[in-house]
Amino acid sequence: MKRRAGRKKKKRYGRKWQTAGLYFVFPGFAGVLVFYLIPFLDVVKRSFMTALGNRFCGLANYRTVFANTAFRLAAGNTIRFLAVCMPLLLFLSFAAALGLREVFSQDGVRYALFKSAYLVPLSVPAASVVLLWRLVFDGHGFLNGVLTAMGYPGTDWMNTESAFYVLVFSYIWKNLGYVMVLWLAGLATVPETLYEAARVDGAGKKACFFCITLPCIRPVIFTIAVISLLNSFKVFREAWMVAGSYPQDSIYLLQHLFNNWFRDLAMEKIAAGAVVLAGMITFLIALMYRWGEYSRISGRRDGREDT
């Protein structure tokens, strides 16, 4: 009888906790539903309607978007930007995190100081970044002054193919410290006892890195990759403030295209393009998630086989 009474109490308290959890989550879910999901569903609906939104037109808007030369240029530049920036940012930030952790692991004050210093570019306003761009990369800027003094001809950096690499540099410079701090948080979750046990068994730094560090931070890799992917779309602010609505072709991104379509009130194109962009981002995130799950399952199998 006492056991049954105890089980009933546990069930009752368990239901109360579940209800309390639903009440806690509901305000946030309602906000996401009202301000994100419902408007996006309306955009999906409008992508199949005419400009005035009063007649169903099937896939005509999507055909128009994919046939648009500006869309193909912007989509190609955006994919190219992601393909260059994402691996470069993840590799450099991870290398910086490992170096900072290795050099200043015994000095907590310098470790905190350097970690905070890496976050300074993230706190710089976009207008200041634009001013820095113009001081360094303008036709009469600092970089061309240095090249001219060394006997090399100057380059109009923002009106040639070099503008793409300037944009890449700006993105990495601004996000390197933030992503590095995320890597440091992931590395801090690895128990030090694992390294000590591995060193006792004769493992070197390379073995510790591939057999302990990487397997332990696999869940963090997916989170950092998704955050870096979403932050890459924020670089449009600097590109637009420097070069305007029609920059050099190599840095004409999807955000420029959507901004110009919105100015022209081409709502049917914006709706179809937004759905395509959302599908592309969802596909990339799903691909990274799938890779993370596959790596985690492979790691478990390797662990079972080792034991």
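Start with Ser 228. Ser 228 sits in helix α11, residues 218-232. A helix here is a DSSP run of H or I, at least four residues, numbered from the N terminus. Is Ser 228 buried or exposed? Ser 228 counts as buried, at 2% relative accessibility. Buried means under 20% relative accessible area, exposed means over 50%, and partly exposed is in between, with a 1.4 Å probe and protein chains only.

A word on the source. This is a predicted model: local features need pLDDT of at least 70, side-chain atom pairs count only at pLDDT 80 or more, and totals for chains, interfaces and linings use all residues. Residues are numbered from 1 along each chain as its sequence is written, and side-chain values use heavy atoms, with hydrogens and water left out.

Back to Ser 228. What does Ser 228 touch, leaving aside its neighbours within four places in sequence? Met 86, Leu 89, Leu 90, Tyr 171 and Val 179. Contact means heavy atoms within 4.5 Å.

Tyr 171 takes us to the rings. The whole structure holds 12 aromatic pairs. One of them joins Phe 81 and Tyr 171, edge-to-face, at 5.6 Å centre to centre and 65° between the planes. The rule: rings of Phe, Tyr and Trp (its six-membered ring) pair if their centres lie within 6.5 Å; planes under 30 degrees apart are stacked, over 60 edge-to-face, the rest tilted.

Why care where these two sit? Phe 81 lies in helix α3, residues 69-103, and Tyr 171 in helix α8, residues 162-187, so the pair ties together parts 90 residues apart in sequence. Phe 81 and Tyr 171 are both buried.

Next, Phe 137 and Phe 169. This aromatic pair is also edge-to-face, 6.3 Å centre to centre, with 70° between the planes. Phe 137 is in helix α6, residues 126-137, and Phe 169 is in helix α8, so this pair ties together parts 32 residues apart in sequence. Phe 137 is buried, at 11% relative accessible area. Phe 169 is partly exposed, at 48%.

Ring pairs link Phe 81, Phe 164, Tyr 165 and Tyr 171. Over the ring of Phe 164 sits the charged end of Arg 80, 3.8 Å from the ring centre. That call needs NZ of Lys or CZ of Arg within 6 Å of the ring centre and within 35 degrees of the ring normal.

Phe 81 comes back in a cavity. The second largest cavity is lined by Thr 78, Phe 81, Leu 82, Ser 232, Phe 233, Val 235, Leu 253 and Gln 255. On a 1 Å grid over the protein atoms alone, a cavity is a set of points where a 1.4 Å probe fits but cannot get out; lining residues have an atom within 4 Å of a point. Which helix gives the most to this lining? α3, with three residues.

Now two more residues. Asn 260 is in helix α13, residues 254-263. Asn 260 is buried, at 3% relative accessibility. Beyond neighbours within four places in sequence, Asn 260 contacts Ser 245, Tyr 246 and Tyr 252.

Last, Cys 216, in helix α10, residues 205-216. Cys 216 is partly exposed, at 32% relative accessible area. Leaving aside neighbours within four places in sequence, Cys 216 contacts Val 190 and Leu 194.

Methods: Helices (H or I, at least four residues) and strands (E, at least two) are DSSP runs, numbered from the N terminus. On a 1 Å grid over the protein atoms alone, a cavity is a set of points where a 1.4 Å probe fits but cannot get out, and a pocket is an open set with protein on both sides within 12 Å along at least five of seven lines; lining residues have an atom within 4 Å of a point.
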